[in-house]
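Subject: Structure handover and notes

Dear colleague,

Please find below the structure that I promised to pass on to you. My notes on what was found in it follow directly after.

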Amino acid sequence: MNDQPTPMHAPDLPGLSAYLDGELDAEERQRVAIHLAACPVCTGRLAELAALSTDLRALPEESLGFDLAGVIESRLAAAPRRTVARRRRDWWMGWPAAVGSAASIAAGVLMGSALVTGSAAAAPRMAAMRVFDTMPPGNLCVGLESCYVKGSVK
Amino acid sequence: MADDAESELIARAQEGDHRAFAALVRRYQDRVFRFILRLIGARDEAMDLTQETFMKAHQALPGWRPEAQFRTWLFRIAHNAALDVLRRRERIEFVSFADLPAGEEDHALPDPARQPDQRLADRQSIELLERTLQELPAEHREILLLRELEDMSYTEIAATLGIAEGTVKSRLARARSAAIAGYQRHSGDNRHE
């Protein structure tokens, strides 16, 4: 902001706005005050900012119209909040469930890995039935070579 | 600024005292409501959002520390809740300050020298200013509300909006300039109607 206003002088709006709000430090404030004393453009602009501020502060004050605090209190009473202290107690109270869960998971992993590697899951030998032979099971076989094919039943 | 009584209420509310929290709500409910109402413009929605703000504040209360001002902390929650609504409505406008029309900063409120009680004495003037506010981008509107209606310092506004103090200074100046231009424009429209 110059102390000697020029014909094309553009007000330093952030500076004037902060001056209006009392947000400048002492040195800046003094500099702006000196400038304002000599600059009708900035003085006019500051008056506009001040007028806007006055108008906004004079707007009608809306109110909620009911006691929200009572509503909030009822809602909180209906759903009690877990406090920090409560959460601190809970961490060790949850141990049995945590141990149980871990054991279940470990057992599942063990069984699953045994299935994959095949070490504990050797399939039992199943007795095969010759249901598609020419002779039904149990019948007498007289002289037919097919009745005696080597290796047909192991 | 939190006084001793308020600090005591906050401490009790943090311990789970619902009545203490209700007392805090009672202290701030109208101010939070006014801020949200002027920000989003719809009364019913503002009432719901005010309630939601306090419920969120209650949930977050265990994390509140005395270093933070309760009022700025609460208004930050309200600000975030209101911005969510505005985003949902797709009404939020992020304008570049460089895009403002060149002439806007040179407009003036008509007859700024009038006395305050004369300036907004008639209903029409109030409506013009309300309309001007609603037409501002949300970030301009909220910073004006925090400064002029809540009387927050730049430090408090910066904490509420999560921006630097330097940004508060420049944004507030732009918001004021835009508001003056809008009001002048509407006043001109009315004169021609």
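I begin with Ser17(A), which is buried at a relative accessible area of 0%, where buried means under 20% relative accessible area, exposed means over 50%, and partly exposed lies in between, with a 1.4 Å probe and protein chains only. Ser17(A) belongs to helix α1 of chain A; helices here are DSSP runs of H or I with at least four residues, strands are runs of E with at least two, and both are numbered from the N terminus. Leaving aside neighbours within four places in sequence, Ser17(A) is in contact with Leu49(A) and also with Tyr154(B), Leu172(B), Ala173(B) and Arg176(B), contact being heavy atoms within 4.5 Å.

Before going further, please note that this is a predicted model, in which local features need pLDDT of at least 70 and side-chain atom pairs count only at pLDDT 80 or more, whereas totals for chains, interfaces and linings use all residues. Residues are numbered from 1 along each chain as its sequence is written, chains are lettered from A and ligands numbered from 1 in the order in which they are written, and side-chain values use heavy atoms, with hydrogens and water left out.

The interface between the chains

The contact between the two chains involves 44 residues of chain A and 52 residues of chain B. The size of an interface is often given as the accessible area lost when the parts come together. Between chain A and chain B the buried area is about 4400 Å², and carbon and sulfur atoms give 62% of it; this is the accessible area (1.4 Å probe) that two parts lose on being put together, summed over both.

There are 20 residue pairs in polar contact between chain A and chain B, both residues being at pLDDT 80 or more. A polar contact is a pair of N or O atoms within 3.5 Å; within protein, one must be able to donate a hydrogen and the other to accept it, and residues adjacent in sequence count only if both atoms are side-chain atoms. On the side of chain A that touches chain B, at least two residues each come from α1 (13-21), α3 (40-57) and α4 (68-78) of chain A, and α3(A) gives the most, with eleven residues. That side of chain A divides into 23 nonpolar, eight polar and 13 charged residues, with Ala, Val, Leu, Ile, Met, Phe, Trp, Tyr, Cys and Pro counted as nonpolar, Asp, Glu, Lys and Arg as charged, and the others, Gly among them, as polar.

Val71(A), in helix α4 of chain A, is partly exposed at 32% relative accessible area, and it touches Phe66(A) and Gln51(B), not counting residues up to four places away in sequence.

Salt bridges

Over all chains the count is 22 salt bridges, and between chain A and chain B it is eight, a salt bridge being a side-chain nitrogen of Lys or Arg within 4 Å of a carboxyl oxygen of Asp or Glu. The side chains of Arg57(A) and Glu148(B) form one of them, at 3.0 Å from N to O; because Arg57(A) lies in helix α3 of chain A and Glu148(B) in helix α7 (residues 138-149) of chain B, the pair joins two chains. Arg57(A) is partly exposed, at 39%, whereas Glu148(B) is buried, at 2%.

Arg57(A) also meets Asp151(B) in a salt bridge, at 3.4 Å from N to O, and Asp151(B) forms a further salt bridge with Arg147(B), with the closest N and O atoms 4.0 Å apart. Salt bridges that share partners join Asp21(A), Arg57(A), Arg147(B), Glu148(B), Asp151(B) and Arg176(B) into one network.

Cysteines

The structure holds zero disulfides over all chains, a disulfide being a pair of cysteine sulfur atoms within 2.5 Å. Cys39(A) is in no disulfide, and the nearest cysteine sulfur, that of Cys42(A), is 3.7 Å away, which is too far for a bond. Cys39(A) is buried at 1% relative accessibility, and Cys42(A) is buried at 0%.

With best regards
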